[in-house]
Amino acid sequence: MVEMLHSSSGRFHLNSHRRFLPWIRSYPVTLLTVLWVIGFGSIFIWQTTSITGSRIAGGRPMMSYAPIPMLRPVAFNLTEFGGVGDGVTANTAAFERAVDEIARLGGGQLNVQPGVWLTAPFNLTSHMTLFLAEGAVIRGVQILTCNFMLGRNGTIDGQGQSWWSKYKQKLLKYTRGPLVQIMWSRDIVISNITLRDSPFWTLHPYDCKNVTISNLTILAPLNGAPNTDGIDPDSCEDMVIENCYICVGDDGIAIKSGWDQYGIVYGRPSTNILIRNVTVRSVVSAGVSIGSEMSGGISNITVENVHIWDSRRGVRIKTAPGRGGYVSNITYRNITLDNVRVGIVLKTDYNEHPDLGFDPKALPTIKNLSFIGFHGQGCRVPVRIHGSQEIPVKGVTFKEFSVGITYKKKHIFQCSYVDGRVIGSIFPAPCENLDRYDEEGNLVRRSKLQNVTDIDYDF
């Protein structure tokens, strides 16, 4: 259980129930136990009779759904505020009334029952849980912006098709918004829901701390849905992304920390992020990316037990002069690549900028990258690490690497301005830029060719 609390900035964050402890200690244990059981028992009985999906409508039994769990002492259904889940009626006002009432009470749970609930954007409040029941679909009129949710395989549908079309026709005067955005918050849990057809990035946690994202299904068309990244942690700290299936029209997961001079000034890194047990497909981009907006710094990232299939790229790091910042202490472990055009990509000339105000002398640093336990088949280029004289790549490690290639060509393992090591034997043969160590970690041969450029973008 979590709670939302207001932060000093006026936005919300979450915390636990520690503030209740002094009150609890001031009463006898027996009396407290009795009151607790009676009070919460009454609430539970009231809630389960009001929110289960087995009522009789017009003399006919409705489809039965699993009861909605009570995660807070006070819970409401959206229908109590005039919501209609017919996929036609606009429910924006109903959501707003519900949020206002929960804010007035100081917190509570809003249950979105089975049905299709059409709505324009709305925000949540502090001390609030938004729960999507099985069979519940929140369908955005244009886009939905939320701050916290917990569900049971409900769906949020951004209906991004019209946005993609307008973007491709250059008819938009403003940028498209994300489907779900969490800002300046902490202790967030997002789980067991489906997010689909976002106009832009699907899930965007921004400047958040202690976030758990689990058991999500994120979907968008593989082609014709520009910038529909799955999950984009942005200047976030202490995050777990796990047990998710992502199939989208851009990067599956993209870790960011601000863009050029704006990210440098804001100065909030993304750090201590664990990504595990994820399956990703991205035909036009990468399974897991870092950057290119990384000006606040990105460090201490672990990506493990990830399966990337039928994708253009597997894992990617991208940056450019003008970004500043750093990418350091990144570990990839137990990654499976199936039918991926380029397995590992590191690009230091990704020259997209928000405006002309960036400093071209603000050079990022890239160091301490570990690629351990990569396996798979059907790769055209398993590794392409393109450092530069301005932005060299330092401290790269390869170990337990065996990726089947679709055909042989001279430059299969490509490197430029990179130093590091290979431990043990790997396939395909590594580039000459790297030192060689045996399985026990003993140096076999030191490389003298770290600055050799061996990049072939023809395939």
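**A guided reading of the model**

With a relative accessible area of 35%, Asn-300 is partly exposed. Ser-235 likewise has a phi near 55°, again positive in a residue other than glycine, but Ser-235 is placed in the loop between strand S18 (217-219) and strand S19 (237-248), and at 2% relative accessibility Ser-235 counts as buried.

The pLDDT averages 85 over the protein, and 82% of the residues score at least 70. Over residues 1-62, however, pLDDT stays under 50, although the model has 92 contacts beyond four places in sequence for this stretch. Residues 143-147 also stay under 50, with 34 contacts beyond four places in sequence. Where pLDDT is low, the predicted coordinates should not be read in detail.

Taken as a whole, the protein contains five helices and 31 strands, and of its 459 residues 52% count as buried. Among the contacts between residues at least 6 apart in sequence, 70% join residues that are at least 24 apart.

The largest nonpolar core has 84 residues, of which Ile-275, Tyr-332, Leu-369, Phe-374 and Phe-398 touch the most other members. Strand S24 (residues 326-347) gives this core its largest share, eight residues. Because domain 1 (73-157) and domain 2 (187-445) both contribute residues, the core lies between them.

The side chain of Asp-157 reaches the backbone nitrogen of Gln-159 at 2.9 Å. Not counting residues up to four places away in sequence, Asp-157 touches Val-137, Ile-138, Arg-139 and Gly-140, together with Leu-179, Arg-196 and Asp-197.

How many disulfides does a search of the whole structure find? The search finds one, formed by Cys-415 and Cys-431, whose sulfur atoms are 1.9 Å apart. A disulfide is a covalent bond between the sulfur atoms of two cysteines. The link of Cys-415 and Cys-431 is left-handed, with -75° about the S-S bond. Cys-415 lies in strand S28 (residues 413-416), while Cys-431 lies in the loop between strand S29 (418-423) and strand S30 (435-437), so the pair ties together parts that are 16 residues apart in sequence. Cys-415 counts as buried at 1% relative accessibility, and Cys-431 is buried as well, with a relative accessible area of 4%. Two further cysteines may be noted here: Cys-244 counts as buried at 4% relative accessibility, and Cys-379 counts as buried at 0%.

The loop between S29 and S30 also holds Pro-428, which a cis peptide bond joins to Phe-427, with omega about 0°. Another cis peptide bond, also with omega about 0°, joins Gly-291 and Ser-292, and Ser-292 is found in the loop between strand S22 (286-291) and strand S23 (298-318).

Notes. Residues numbered from 1 in each chain as written. Predicted model: local features only at pLDDT ≥ 70, side-chain atom pairs only at ≥ 80, totals over all residues. Heavy atoms only, no water. Core = buried A, V, L, I, M, F, W, Y, C linked by side-chain atoms within 4.5 Å. Buried < 20%, exposed > 50% of the residue type's maximum accessible area, 1.4 Å probe, protein only. Helix = DSSP H or I, 4+ residues; strand = E, 2+ residues; numbered from the N terminus. Domains from an automatic or database assignment. Disulfide = S-S within 2.5 Å. Polar contact = N/O pair within 3.5 Å; in protein donor to acceptor, adjacent residues only side chain to side chain. Contact = heavy atoms within 4.5 Å. pLDDT = per-residue confidence, 0-100.
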